[in-house]
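Biologist: I would like to learn how to read a few features of a model, one at a time. Please start with the surroundings of a ligand.

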Amino acid sequence: MSDASKGLSLYNTLTRAKDDFVPIDPLNVRMYVCGPTVYDFAHIGNARPVIVFDVLFRLLRHLYGGSHVTYVRNITDVDDKINARALRDFGDEISSGKLSLNEAIRRVTEKTADQYHKDVATLGCLEPTVEPRATEFVEPRADGKADMITLIERLIERGHAYVAAGEVLFDTASMPDYGQLSKRNLDEQQAGVRIAVDAHKKNPGDFVLWKLSSPEEPGWDSPWGRGRPGWHIECSAMSAAYLGEVFDIHGGGLDLIFPHHENEIAQSRCAHGTDVMANIWMHNGFLQVEGQKMSKSLGNFYSIHELLETETFGGRKWPGEVLRLAMLMTHYREPIDFSVRKLEEAENTLRKWKRAADLAPEVAPQLPAEVVEALSDDLATYAAFQRLTQLAGEALDAGGGDNAAAASLKAALAFLGFDVGAAKVDEAAIARAIARRLELIAAKNWAEADRIRDELLAQGVQLKDGKDPVTGERITTWEVRR
Ligand SMILES: Nc1ncnc2c1ncn2[C@@H]1O[C@H](COP(=O)(O)OP(=O)(O)OP(=O)(O)O)[C@@H](O)[C@H]1O
Ligand SMILES: [Zn+2]
């Protein structure tokens with residue numbers, strides 16, 4: 001194990017091994033996770049990657065400092081499924097001319113994204129550092145950040161893409177090592193392809209970068225006519241926009257390995273001329289119902305919202321943190337069978353931990369080392385939880401007074417995103433810290449200013465910097481994060 005890895009190792013789908021994690025830049029550790037396509041409520045299976053990568057985000061912040069980690073999770077707000085949903089929900093308004101299709105699409109995506117934000121916050125997940133929306137990265141941008149049209153142009157220039165039958169397609173044969181992530185070769189992909197549909201493709205594995213839109217469909221002007229992007233190019237653009245051409249970690253569910261992540265890699269590496277897109281590729285296993293992936297298409301799903309707010313699963317509502325713990329009791333790469341029993345087990349465990357943690361008036365300043373070590377071993381949450389159960393036992397034995405085990409347990413629970421009522425905030429003290437930090441920023445003492453921000457964050461208080469819209473002066477607000 002090298003020192004630079006700080007003891008963190010992560011299973012890498014690209015190498016099929018547990019790799020030491022060595023960031024490209026320890027002052028800016030960069031992670032991208034594919035976010036939701038916003039046309040319907042997210043189901044509890046969709047919540048798994050959000051929760052798993054939230055734990056990794058928290059761990060990276062602990063190891064490298066709160067302000068030294070950039071976590072990007074996008075929102076896919078352009079997709080044919082979204083168009084279909086807008087037509088279904090607003091068909092009458094659209095045909096009577098009261099609403100344009102674009103306006104209907106906007107309503108669908110905004111409503112779905114709002115619900116998603118509420119759902120994942122209730123599951124104890126921190127907001128990512130940036131949450132870009134695909135529609136804002138289609139055309140060249142005023143700020144010069146990467147965009148899809150420019151990436152596609154570059155792929156054509158470099159001989160990696162071609163125009164056929166109104167589409168721009170990625171030419172898989174132009175990339176000798178295409179298929180490294182999924183370990184599929186091009187021959188294997190020939191099998192089972194519908195030749196008639198794909199007759200315009202040079203190779204059946206070639207995939208769409210751009211396709212033309214009919215006048216009713218959403219579209220953007222481009223060198224190839226008014227159209228819209230394929231799904232994969234979105235993530236290549238948004239990751240490059242915020243994380244650069246090569247970054248540290250890219251994540252998502254197992255089903256994204258092929259074709260989505262394979263094709264993101266092909267696009268990004270060929271457009272930028274790099275050997276890798278991200279150093280470590282991580283994939284969570286499926287949440288299953290009776291041995292099958294929970295999925296919209298199979299109709300065997302429960303939305304997060306339903307579980308939180310209705311009595312459709314097991315005849316009762318479930319608290320967000322019980323869902324969170326149930327999800328984390330299984331290692332992130334293993335399948336989980338979703339059952340009432342599993343949720344009840346999580347609820348009982350959480351109740352016991354909290355009873356023990358309540359014996360401490362304060363949160364310990366240090367996280368238990370065993371918890372950090374367990375998580376650093378490819379997010380071995382189960383081993384971390386064994387330590388929490390041990391601490392809970394010690395805390396209950398020790399009883400009241402100066403209960404160090406209870407204080408440590410409380411710190412660990414708060415760190416893992418469980419509500420332990422830890423943040424009894426002292427508003428005056430926060431205001432003083434903010435004022436002090438603004439002075440330090442004015443004096444360009446960034447290191448000390450960052451230290452104050454990280455210290456508050458460790459206590460669960462997150463600062464947000466902004467500008468006064470009238471005076472243009474820097475202002476800082478805060479909120480309690482758990
Ligand atoms: N049952 C599941 N268990 C774990 N992760 C899942 C599951 N279903 C989807 N995901 C993950 O959720 C994230 C969002 O995926 P997306 O919005 O494409 O959902 P989806 O795959 O369309 O869902 P569905 O399979 O139900 O149609 C992806 O990272 C995907 O891998
Ligand atoms: Zn993606």
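Modeller: The residues of the shell around ligand 1 can be sorted by class: 7 are nonpolar, 8 polar and 4 charged. Keep in mind that this is a predicted model.

Biologist: How many residues surround ligand 1, and which are the closest?

Modeller: The shell holds 19 residues, and the closest are Gly45, Gly253, Leu287, Ser295 and Lys296. Two elements give two or more residues to this shell, namely helix H1 (44–64) and strand S9 (247–253). The largest share, 4 residues, comes from H1.

Biologist: Now the annotated positions. Which residues does the UniProt annotation "binding site" cover?

Modeller: According to the UniProt record, an unreviewed entry, "binding site" covers Cys34, Cys235, His260 and Glu264. An annotation of this kind may be inferred rather than shown by experiment. Here the four span 231 residues in sequence, yet no two of their C-alpha atoms are more than 10.8 Å apart, so they gather at one spot.

Biologist: Let us turn to the domains. What does the domain assignment of the chain give?

Modeller: The assignment gives domain 1 (9–284), domain 2 (319–415) and domain 3 (427–480). Between domain 1 and domain 2, the C-alpha centres lie 34 Å apart.

Biologist: How is an interface between domains described, and how many residues of domain 1 are in contact with domain 2?

Modeller: The size of an interface is often given as the accessible area lost when the parts come together. Here the description rests on contacts: 18 residues of domain 1 are in contact with 18 residues of domain 2. On the domain 1 side, strand S1 (9–12) and H1 each supply at least two residues. H1 gives the most to that side, with 10 residues. By class, the side of domain 1 that touches domain 2 has 10 nonpolar, 5 polar and 3 charged residues.

Technical notes:
Residues numbered from 1 in each chain as written. Chains lettered and ligands numbered in written order. Predicted model: local features only at pLDDT ≥ 70, side-chain atom pairs only at ≥ 80, totals over all residues. Near = placed C-beta within 6 Å. Nonpolar A, V, L, I, M, F, W, Y, C, P; charged D, E, K, R; others polar. Domains from an automatic or database assignment. Contact = placed C-beta atoms within 7 Å.
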